[in-house]
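User: Hi! I've just opened a new structure and would like to talk it through. Could you walk me through it?

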Amino acid sequence: MRLQEVFDKVLPHTFSKRGGEWTGEFKAGAVKYNVFIDEVDDDLFNIIFEVDGVYDVDKSKGITGTGGEFQVFATVAKMVGEFIKKEKPLRFTFAAKEKSRRKLYDRFAKLVASKYRYKVKYDTDPYSKDKMYIFSQNR
């Protein structure tokens, strides 16, 4: 199965803009996820997705330990796509907190960059050591 096909398996979710922030939520099994996208600087948005209010998850268990990471990523990708289509941001970022998920995040970043015509570059947060994904519009 190709990665694009995996990302087509989206879970039911809510996602909307309230004030200046985009928020969404969905459940994978018994686990609730939240997605937040907010403008942190002029034309720079930050994307955070977390497990039911727990942004800094237990690294030994991964993001949930449920094995549903592809459906989770598919749903987050759908929300990010909706955000990009409506907001048309010049730049946006997200971070990979878990080393075990970085290959999946790398593939996710390449897919998003290709599909929506953004350039993506990678950096390391000097404090947390998280891998940072920085997207900018192709101009």
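**Surface, fold and a few residues**

Analyst: Happy to! The accessible surface of the chain is about 8,100 Å², and carbon and sulfur atoms account for 49% of that. Keep in mind that this is a predicted model.

User: Good to know. What share of the residues in the chain is buried?

Analyst: Of the 139 residues in the chain, 44% are buried.

User: And which helices and strands does the chain come to?

Analyst: There are three helices and seven strands. Read from the N terminus, the order of elements is α-β-β-β-β-α-β-α-β-β.

User: What about contacts in the chain between residues 24 or more positions apart?

Analyst: Such pairs make up 52% of the contacts with a separation of 6 or more.

User: Let's switch to the helices. How do helix 2 and helix 3 cross?

Analyst: Helix 2 covers residues 69-87, and its axis comes within 11 Å of the axis of helix 3, with a crossing of roughly 30°. Angles under 35 degrees count as roughly parallel, so helix 2 and helix 3 are roughly parallel to each other. Their crossing is right-handed.

User: Which residues make that contact?

Analyst: On helix 2, the contact is made by Glu-69, Phe-70, Phe-73, Ala-77, Gly-81, Ile-84 and Lys-85. Helix 3 brings Leu-104, Tyr-105, Phe-108, Val-112 and Tyr-116.

User: Nice. Now Lys-97: where does it lie?

Analyst: Lys-97 is in the loop between strand 5 (91-96) and helix 3 (102-116).

User: Is Lys-97 buried or exposed, and why?

Analyst: Lys-97 counts as buried because its relative accessibility is 19%, and buried means under 20%.

User: What does the side chain of Lys-97 pair with?

Analyst: It makes a polar contact of 3.1 Å with the side chain of Asp-130.

User: Changing topic to the backbone: what is phi of Lys-129?

Analyst: Phi of Lys-129 is near 70°, which is positive even though the residue is not glycine. Lys-129 sits in the loop between strand 6 (118-124) and strand 7 (131-137). With 51% relative accessibility, Lys-129 counts as exposed, since the cut-off for exposed is over 50%.

User: And what about phi of Asp-43?

Analyst: Asp-43 is also a residue other than glycine with a positive phi, near 60°. Asp-43 lies in the loop between strand 3 (31-41) and strand 4 (44-51).

User: How does Asp-43 count for accessibility?

Analyst: Asp-43 is partly exposed, at 31% relative accessibility.

Methods. Residues numbered from 1 in each chain as written. Predicted model: local features only at pLDDT ≥ 70, side-chain atom pairs only at ≥ 80, totals over all residues. Heavy atoms only, no water. Helix = DSSP H or I, 4+ residues; strand = E, 2+ residues; numbered from the N terminus. Buried < 20%, exposed > 50% of the residue type's maximum accessible area, 1.4 Å probe, protein only. Polar contact = N/O pair within 3.5 Å; in protein donor to acceptor, adjacent residues only side chain to side chain. Contact = heavy atoms within 4.5 Å. Areas by Shrake-Rupley, 256 points an atom, 1.4 Å probe, with all protein chains shown as cover. Axes fitted to C-alpha atoms, helices over the stretch in contact; angles between N-to-C directions. Parallel < 35°, antiparallel > 145°, perpendicular 65-115°, else oblique. Left-handed = near helix turned anticlockwise from the far one by under 90°.
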